[in-house]
Every structure is written in C-alpha cells, then in structure tokens.
Amino acid sequence: MTVDPPTPILQLHPVHIAFPGEPALLACASLALLPGLTLLQGDTGSGKTTLLRALAGELPAGGTQVLDGIDLARAPEAYRRAVFHVDARDAALDPLTSRACTASWRAHDPGFDATRWSSAVEGLALGEHLDKRMDMLSTGSRRKVVLAAALASGRALVLLDEPTAALDKPSVRWLWQALAGHARPGVRQAVVLASSLPVDGLPLAATLTLPLR
C-alpha cells in the first residue's frame with residue numbers, strides 16, 4: 001500500500017533573504033516545512049534568527065510564501081496570526097505579568113491547549129512566577145513563559161529560537177521530553193527548533209542546515 005507524503009504546512013519559493021546593498025544571507029530555490037518538528041542547525045551568526053523572522057513574515061524572504069493555505073502577500077495579518085514567534089527579550093513584555101502575556105497570546109490562538117499549558121507550567125516550574133511582571137523574571141524564566149505558551153499553541157507554525165538558552169538542566173530535560181511527544185493527532189502544525197547545539201533523541205520530520213544554498 002502506497003502512503004502519500006504529508007502536505008507541507010509552509011511553502012516558500014524562491015528564498016532570497018538580504019539586507020539592502022548587502023549580499024544574500026540565505027538563498028535557495030525553495031523551502032517546505034512538513035508537519036512535525038524541524039531542526040534548524042547553524043553556528044552562531046549563521047542566520048538562524050533571520051530565517052525564523054522571515055518564516056514568521058517579519059522579514060521579506062524574496063518569493064511566494066504560503067502557510068497552511070494563507071498567502072503572506074495577500075493576507076499578511078492572517079498569516080502572522082497563524083504563527084507563534086515571540087522573543088522573550090522583547091521590552092514590550094516587561095510591564096505585563098506572565099499570566100497576562102499568556103492570555104494575550106492565547107486570545108488569538110483558537111487551538112490553544114490549556115491542558116498542555118498547565119503541564120508546561122508544572123514541568124518548567126513556572127507556577128510561582130505567573131503573577132510576576134516579566135521584568136521581574138530572570139532570562140531563563142522569561143523564556144519558560146514563552147515556551148509554555150508555544151508548546152500549548154495551536155497555530156500552524158511555531159518557531160523556537162535557541163529554546164534551551166539560559167534554562168536550568170531539569171527544564172532542558174523536561175523540554176526535550178515535551179518536544180519528543182509534541183505531535184497531536186488531527187493538528188497540522190510545524191515546529192521549527194533553531195539550535196547551534198547538537199540535538200539528539202527527537203523525532204525530527206526534517207533537518208535544515210545553514211547556510212541554505
């Protein structure tokens with residue numbers, strides 16, 4: 001019996017990311033993301049964060065970009081609502097509590113899974129920080145707030161940039177276990193994990209290595 005390959009969640013072609021007057025940072029004929037976990041590998045400074053921002057629709061990627069049937073050029077707001085991409089260092093988060101931040105992300109995420117979020121809060125030892133302002137939290141705790149919401153998100157594309165940075169060892173172990181079992185039946189979702197460190201033991205749908213050429 002022949003099994004049809006899964007339909008990509010994100011398709012982008014061609015890829016040409018460059019700043020004005022500068023050589024291309026990333027360039028290739030096409031890029032497709034399948035449902036599941038994709039590892040984005042590259043050394044520090046190789047362009048991982050830049051590519052994530054392009055996938056999120058925050059930077060021009062040079063070609064046609066369609067996420068789960070949503071064309072970025074035709075419906076930019078709808079496209080961005082289908083993406084979870086949050087920089088935990090964003091100063092705009094500072095005056096909000098961890099709980100308020102999560103509520104704001106959840107408000108535009110109809111597939112948000114409250115049970116998964118509660119599990120992540122427990123697994124990442126976030127409970128005592130939920131009603132603290134984000135500017136009162138350590139770098140690691142701010143990342144945990146974002147990670148808990150990301151793992152609960154039902155958006156079509158979830159982007160994680162160096163998610164283990166500044167995390168304590170128990171939280172890193174819990175995160176790997178959570179990612180290993182992250183796939184949900186009936187949910188079409190691509191999760192991109194950008195890392196400069198080796199990643200072992202995760203059920204990867206694909207691996208992308210920078211630079212893309």
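This report describes helix packing, one arginine and the cysteines in a predicted model.

## Helices H4 and H5

Two packed helices are described by the angle between their axes and the distance between the axes. Helix H4 covers residues 114-123 and helix H5 covers residues 139-152. Their axes lie 8 Å apart and the packing angle is about 150°. An angle over 145 degrees counts as roughly antiparallel, so H4 and H5 are roughly antiparallel to each other. The crossing of H4 and H5 is right-handed.

On the H4 side, the contact is made by Arg116, Trp117 and Ala120. On the H5 side, Ala148, Ala149, Leu151 and Ala152 take part. Sorted by type, the residues of this contact are six nonpolar, no polar and one charged.

## Helices H5 and H6

H5 also packs with helix H6, which spans residues 169-180. Here the axes come within 12 Å and cross at roughly 15°. Angles under 35 degrees count as roughly parallel, and H5 is therefore roughly parallel to H6. The crossing of H5 and H6 is left-handed.

From H5, the residues in this contact are Lys144, Leu147 and Leu151. They meet Ser171, Trp174, Leu175, Ala178 and Leu179 of H6. By type, the contact of H5 with H6 has six nonpolar residues, one polar and one charged.

## Arginine 81

Arginine 81 belongs to helix H2, which runs over residues 76-81. Is arginine 81 buried, partly exposed or exposed? Its relative accessibility is 46%. Buried means under 20% and exposed means over 50%, with partly exposed in between, so arginine 81 counts as partly exposed.

When neighbours within four places in sequence are left aside, arginine 81 is in contact with His108 and Arg155. Leucine 26 is 55 residues from arginine 81 in sequence. In space, the C-alpha atoms of arginine 81 and leucine 26 are 25 Å apart.

## Cysteines

A disulfide is a covalent bond between the sulfur atoms of two cysteines. How many disulfides does a search of the whole structure find? The search finds zero.

Cysteine 28 has a relative accessible area of 13%, and cysteine 101 has a relative accessibility of 0%. The cut-off for buried is under 20%, so cysteine 28 is buried and cysteine 101 is buried as well.

How values were computed: Residues are numbered from 1 along each chain as its sequence is written. This is a predicted model: local features need pLDDT of at least 70, side-chain atom pairs count only at pLDDT 80 or more; totals for chains, interfaces and linings use all residues. Side-chain values use heavy atoms; hydrogens and water are left out. A disulfide is a pair of cysteine sulfur atoms within 2.5 Å. Buried means under 20% relative accessible area, exposed over 50%, partly exposed in between (1.4 Å probe, protein chains only). Axes are lines fitted to C-alpha atoms, for helices over the stretch in contact, and angles run from 0 to 180 degrees between N-to-C directions. Helices (H or I, at least four residues) and strands (E, at least two) are DSSP runs, numbered from the N terminus. Angles under 35 degrees count as roughly parallel, over 145 as roughly antiparallel, 65 to 115 as roughly perpendicular and the rest as oblique. A crossing is left-handed if the near helix is turned anticlockwise from the far one by less than a right angle, and right-handed if clockwise. Contact means heavy atoms within 4.5 Å. Ala, Val, Leu, Ile, Met, Phe, Trp, Tyr, Cys and Pro count as nonpolar, Asp, Glu, Lys and Arg as charged, and the others, Gly among them, as polar.
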